[in-house]
Amino acid sequence: MHEVQPRSGATAGSPYVRLEGLTKRFGDFVAVGQVSLEIARGEIFCLLGASGCGKTTLLRMLAGFETPTAGSIWIDGVDVTQVPPYERPVNMMFQSYALFPHMTVAQNVAFGLRQDGTGKTEIAERVREMLAMVQLEGYEKRKPHQLSGGQRQRVALARALVKRPKLLLLDEPLGALDKKLRERTQFELVTLQEKLGVTFVIVTHDQEEAMTLASRIGVMRAGEILQVGTPTDIYEFPGSRFVADFIGSVNMVDGTLLEDEPGHVRITCPQLDCTVYVDHGVSAPPDAAVAVAIRPEKIQLSRDRPPGTDNVLAGAVVGIAYLGDATRYLVQLPNGFQLRVTAPNVSRREERFDHGDPVWLHWHASSPVVVTR
Amino acid sequence: MHQRRSWFVLSMLCFGFAFLYVPILSMIVYSFNASRLVTVWDSAHSPTLVWYSELFRNDEIMDAAGLSFRIAAVNATGAVILGTLAAFALERFRRFRGRGLFSLLTTAPMVLPEVITGLSLLLLFVVLEPLIGARGATTITIAHMTFSMAYAIVVIQARLATVDRSLEEAAMDLGARPLKVFAVITLPLIAPAIASAWVLSFILSWDDIVITSFVSGPGSTTLPQYVFSKVRLGVSPDINALATILVLIVSVAVFIAGTVMMRRDQRRIRDAQIALGAGG
Amino acid sequence: MASGSRLGRWGVIALPYLWLAVFFLVPFLIVLKISFSNVQLSMPPVEPALTWDADHAVHLRLHLSNFAFVLSDRLYIEAFAESLLIAAVSTVISLLIGYPMAYGIARAPGTWRNVLFLLVVLPFFTSFLLRVYAWMGLLGRAGPVNGLLLKLGLIHEPLQLLQTNFAVYLGMVYSYLPFMVLPLYSAIEKLDLTLLEAAADLGCRPTKAFFTITLPLTREGIFAGCLLVFIPAVGEYVIPALLGGPDTLMIGRVVWDEFFGNRDWPVASALAIVLLVLLSGFVLLLQYVQSREREA
């Protein structure tokens, strides 16, 4: 069982949403296996994983569309595991938006309020207020097929938020939008959430989406949550090879522990032909087989040999990708192993390397991450 | 993409449509023929409307038509109700016990020869006679509903399959109970299919002869039964008149349906243009 | 759907299921039972299968004689054989006419396609009976077909076109053509045109592309259309009754005559059962094809 505690950024007190040993089986296939999770009030929590990892199933269980095979779901202190979706204080924004095609925008947004039996005047007021918040005033009488993709999404958002749910679930919210729209919508979503204070749970396969939106991320794989943490935690301190590899790009090498002290470790890596010195301790048995992860942007290239013997390598540039704001280099070591290096284009007069140039690579002792799983 | 218009396909199209329509047109033409020998053209007295007036004065035909109409209407309504329930079950319920059998039961009436279904229904009604009384309009309606339902299911299920499940889930998520979801979301979206199914069932019942002959009783003569017994003896001009009227009604209905569909397509294009015109 | 209660679900299924069970399944069981009975002079003209005797013992009589009779008598065997033959030939002719028609409609430009589609469907909505009747008018000795042939000097006296097998074939193809065209149209319309473009790009001539790409990919439509014509055609009654001659032996007519003419319910039932068994394989095949198409 993976019981994961939030490292930082969570509010004190009892969690707002609590999942205990949540499991979903379809025949022999385990879509979600014994997931336990705590989400704080007002958080934006993101479930990140590739397709088929079970994140959508988990979301649907939160919404009430799938009944868990085992485990329980608690929202604001109430066990809602067996509560049907139409009685849960949870609302969802669907990936396809699911706007009712035979109703106008106003009718769509008002739908949830009408199910509650809210009075007509109050409905009209709240619909107007909500549409203003998503910048769709004047669109009340339009039908969904008369709207563009971005507008439809905002209607879907308005419809889900107008009931002021305790929990808002978003299924791949930015997936259908093009890049420019996506950036704009990312900021709009976060602003809206801060204004309303609703707890968001987002499901996505897009790391950038997760990193931008979430206050905390849960990385999922094969029905299990591998690691929960803030975007910084996940990126800078991945707890496993998978997580390190999944977020951003990474150079991953195998090694054996040479020295294991509380203040530092030294690892020998045959693939690198040098020793790696890391300035913090790890918890692992002596001579353990570990993996060392170094992010491409943490490696520096230079023409001259840098001082020191740890964390220093020689190689030659074999690949260059110029991206405008940065340049990605592929550097090959004498033993054939290749490392990825990302160098920001800080100034126009900075030295750049060409194909075949011999270079020296080095990194700071705090940069590598030692992974034992 | 270039459209290669094959002369073979074109000529087959023409031949096919001619094949389909020449008999119908011939019936219409001969309905205006004054001669009682339908196909021998009496140029002296034709064209004439005498057979049409005879048709409307023929009480037997009028009664039979009225009965057929009532049976067809009741049958269509019943078939659509049962069909919607069955289509919903087949489309939305993943697995249930007896699903295979149910699926078979809903397809078979459409396909099996009518003598088989007619014979079996008659035998059932004979057994049930103490319960439901003599055979007549009721048994005919029941029999018709049984096979109409099969067709209704095909039409409605096809449409139901295209309804996005997430629409129903969204409605539930917003607080609507399952029955409300069906009434407010699903039903409006499958309404066109339900209407088509009603019309289809109506026509099937209106037109049916074999099953009706098996399950009818004395005093319940439907229009097809009347026509059949008459034409067994040979061609008859008032039947031609009847045929013309029916073709006219159907053509008008199809024309209206076609215009409605075209209008809807145009509106959809216009709406898409509005959406495109809008910014993000 | 996680939220539909089990009771709610059964409520939805119950009504249609019960209806079909009572009005479709049970009748077949009754037919089965009667096919094992003997005829007697009564109403219904059938001996009861279950009888009590003085000792309150229950006897169940199952006569296999009806089946033995039906399966051995030359008349019935010929009727079955001829029905299958006529149905098969009609199906093939319908396919040969229907496929090009469906293809033409599916490939027609926008508005034309809708118009043509409606034109194919329209005859389906006009009375089946009346359309068969129309052929009675056309093929009669005094009818326009004979008239035309006489005028053209191809014949010297009117041909006997009605009451022949020829008329039956004509009537069959005529009546069942829409049933062939519709599933074919549906299948051809779904065909991805870019596949044909790719074939042309790779050097395949149109005729060859048709046989190697279009035809195999519309296979399911062809099966559906053929089965939708063949199965009911085997048991067709009206067309042979109105257009066929005394020697046009179709099983639908035979069942009818046994039932209404001879009042021999057991034999008629036995015939119906044999016909049902004969066709059940095809019906299951159709089920399979349709479920495959729905999954696709």
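# Reading strands, helices and contacts

Reader: Where is A:Gly21 found?

Author: A:Gly21 sits in strand 2 of chain A. Strands are DSSP runs of E with at least two residues; helices are runs of H or I with at least four residues, and both are numbered from the N terminus. One caution: this is a predicted model, in which local features need pLDDT of at least 70 and side-chain atom pairs count only at pLDDT 80 or more, while totals for chains, interfaces and linings use all residues. Residues are numbered from 1 along each chain as its sequence is written, and chains are lettered from A and ligands numbered from 1 in the order in which they are written.

Reader: Why does A:Gly21 count as partly exposed?

Author: Count C-beta atoms, placed from the backbone: a residue is buried if 20 or more others lie within 10 Å of its own, exposed if 12 or fewer, and partly exposed in between. A:Gly21 is partly exposed because 14 other C-beta atoms lie within 10 Å. Distance along the chain is another matter. A:Gly21 and A:Leu189 are 168 residues apart in sequence, and their C-alpha atoms are 30 Å apart in space.

Reader: Which strand is joined to strand 2 of chain A by five bridges?

Author: Two strands pair if DSSP finds at least two bridges between them. Strand 2 (residues 17-26) and strand 5 (residues 70-75) of chain A run antiparallel, with five bridges. Opposite A:Thr23 stands A:Ala70 of strand 5.

Reader: How many bridges join strand 5 to strand 6 of chain A?

Author: Two bridges, again antiparallel, link strand 5 to strand 6 (residues 78-79) of chain A. A:Trp74 has A:Asp79 in strand 6 as its bridge partner. The two strands form a hairpin with two residues between them. In the turn, A:Asp76 has a positive phi of about 55 degrees.

Reader: What is the strand order in the open sheet of six strands in chain A?

Author: In chain A, the open sheet of six strands has the order 7-8-9-4-10-11, with mixed pairing. Its edge strands are strand 7 (90-93) and strand 11 (224-229), each pairing on one side only. Neighbouring strands are turned by 20 degrees against each other on average, direction ignored. Axes here are lines fitted to C-alpha atoms, for helices over the stretch in contact; angles run from 0 to 180 degrees between N-to-C directions.

Reader: In which sense do strand 8 and strand 9 of chain A pair?

Author: Parallel, over five bridges, between strand 8 (residues 167-171) and strand 9 (residues 199-204) of chain A. A:Leu169 has A:Val201 in strand 9 as its bridge partner.

Reader: Which strands does helix 4 of chain A lie across?

Author: Helix 4 (residues 149-161) of chain A lies across strand 7 and strand 8, running at about 175 degrees to strand 7. To check a helix's length, take 1.5 Å times one less than its number of residues. Helix 4 of chain A has 13 residues and reaches 18 Å from first C-alpha to last, close to the 18 Å expected.

Reader: How many residues of helix 4 of chain A are buried?

Author: Eleven of its 13 residues are buried, so the helix is mostly covered. Among them are A:Gln151, A:Arg152, A:Val155 and A:Leu161. The buried residues pack against strand 7, strand 8, helix 2 (105-115), helix 3 (120-133) and helix 5 (179-196) of chain A.

Reader: How many residues of domain 1 and domain 2 of chain A are in contact?

Author: Domain bounds come from an automatic or database domain assignment. Here that assignment gives domain 1 (2-242) and domain 2 (249-371). Residues are in contact if their C-beta atoms, placed from the backbone, lie within 7 Å. Four residues of domain 1 of chain A are in contact with five residues of domain 2 of chain A. The C-alpha centres of the two domains lie 38 Å apart.

Reader: How many residues do chain C and chain B give to their contact?

Author: Chain C gives 74 residues and chain B gives 72 residues. On the chain C side, helix 1 (residues 6-35) gives the most, with 18 residues.

Technical notes
Two residues are in contact if their C-beta atoms, placed from the backbone, lie within 7 Å.
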